[in-house]
Amino acid sequence: MNPEHPGAEQRGTVHGQIVERHAIAGPDGAARAAGTTAAVPAPFHEATDELTRFMMVYKFGLAEIRTKIDILAEELAHRGTGNPIEHVNPRLKSAASIAAKARRIECPLTFDDLRARIRDIAGIRIVCSFVSDVYTVADMLTRQPDVNPVQTKDYIAKPKDNGYRSLHMIVEIPVFLSDQVVAVPVEVQLRTVAMDFWASLEHKIYYKHNPDIPPALRDELAAAAEDAARLDKRMERLHQEIHGPRR
């Protein structure tokens, strides 16, 4: 059976009110996003059930990719040369977040359009020790025969104007349901500890000042990103001088 797009058998329109109300069921993201219909009025129960099925497929895809990364991390830890994966952070967009992005990109709120145009509903961040580890782990993951690389954006080789660095990939992974195999897109972000430190604090600073960011602050943040990049290079050089390159 050939993989299909997530939830391809479902059809229908996601009403904006349904999306927003469904998302406030609780703070535990993935479980609640694919969970209760209690907060949705009776006339919309059919669409809410459809939303639950839609979200569930992405939840399963995220579980599949997380298992693969956990296996890699444990196996690499026993090689004797150190585990290049520092920590992993999976996330599933809430229904409200999906609706907000759909509005930003002018995507119709239908399940077909959402699955076709929003490819980062499921996402996972892999934080590695060094820059070379980022590419090593990405290669190990995408060489697996059931992981299909769809798109790569290398913001390490070509940082964003604000200094942001990370390796972004969209991969498709098969999810075996009771009656079909579904190819689920998952966004994989790989970055170093230094990149993650900068990105996390940059997000908090921007959130405080959004939408008007003082130019001087932009320049300071870009300079800090350059400092983090230099630190990455220095720490990797020191590691290689002491331990040699990872094998």
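The model is a predicted one. Its largest nonpolar core has 46 residues, and a nonpolar patch on the surface is formed by Phe 197, Leu 201 and Ile 205. In soluble globular proteins, nonpolar side chains tend to be buried together.

**Nonpolar cores**
- Within the largest core of 46 residues, those with the most contacts inside it are Ile 65, Val 186, Val 188 and Leu 190.
- Two or more residues of this core come from each of α3 (45-77), β1 (85-92), α4 (95-104), α5 (111-117), β2 (122-128), α6 (131-142), β4 (167-176) and β5 (181-192), and it is α3 that gives the most, with 11 residues.
- Leu 190, when residues up to four places away in sequence are not counted, touches residues including Ile 126, Val 134, Val 137, Ala 138 and Met 169.
- Another core, of 6 residues, lies apart from this one, and among its members are Tyr 155, Trp 198, Leu 221 and Ala 225.

**Surface patch**
- Together, Phe 197, Leu 201 and Ile 205 have about 270 Å² of accessible area.
- Phe 197 lies in helix α7, which covers residues 193-209, and Phe 197 counts as exposed because its relative accessibility is 56%, where the cut-off for exposed is over 50%.

**Glu 187**
- Glu 187 has its place in strand β5, and it counts as buried because its relative accessibility is 13%, where buried means under 20%.
- The side chain of Glu 187 makes a polar contact, at 3.3 Å, with the side chain of Gln 189.
- Leaving aside neighbours within four places in sequence, Glu 187 is in contact with residues including Arg 91, Arg 119, Asp 120 and His 168.

Key:
Residues are numbered from 1 along each chain as its sequence is written. This is a predicted model: local features need pLDDT of at least 70, side-chain atom pairs count only at pLDDT 80 or more; totals for chains, interfaces and linings use all residues. Side-chain values use heavy atoms; hydrogens and water are left out. A nonpolar core is a set of buried Ala, Val, Leu, Ile, Met, Phe, Trp, Tyr and Cys residues joined through side-chain atoms within 4.5 Å. Buried means under 20% relative accessible area, exposed over 50%, partly exposed in between (1.4 Å probe, protein chains only). Helices (H or I, at least four residues) and strands (E, at least two) are DSSP runs, numbered from the N terminus. Contact means heavy atoms within 4.5 Å. Patches are made of residues with over 30% relative accessible area and no salt bridge: like charges are joined within 9 Å, nonpolar side chains (Val, Leu, Ile, Met, Phe, Trp, Tyr) within 5 Å. Accessible areas come from the Shrake-Rupley method with a 1.4 Å probe; for residues, only the protein chains shown count as cover. A salt bridge is a side-chain nitrogen of Lys or Arg within 4 Å of a carboxyl oxygen of Asp or Glu. A polar contact is a pair of N or O atoms within 3.5 Å; within protein, one must be able to donate a hydrogen and the other to accept it, and residues adjacent in sequence count only if both atoms are side-chain atoms.
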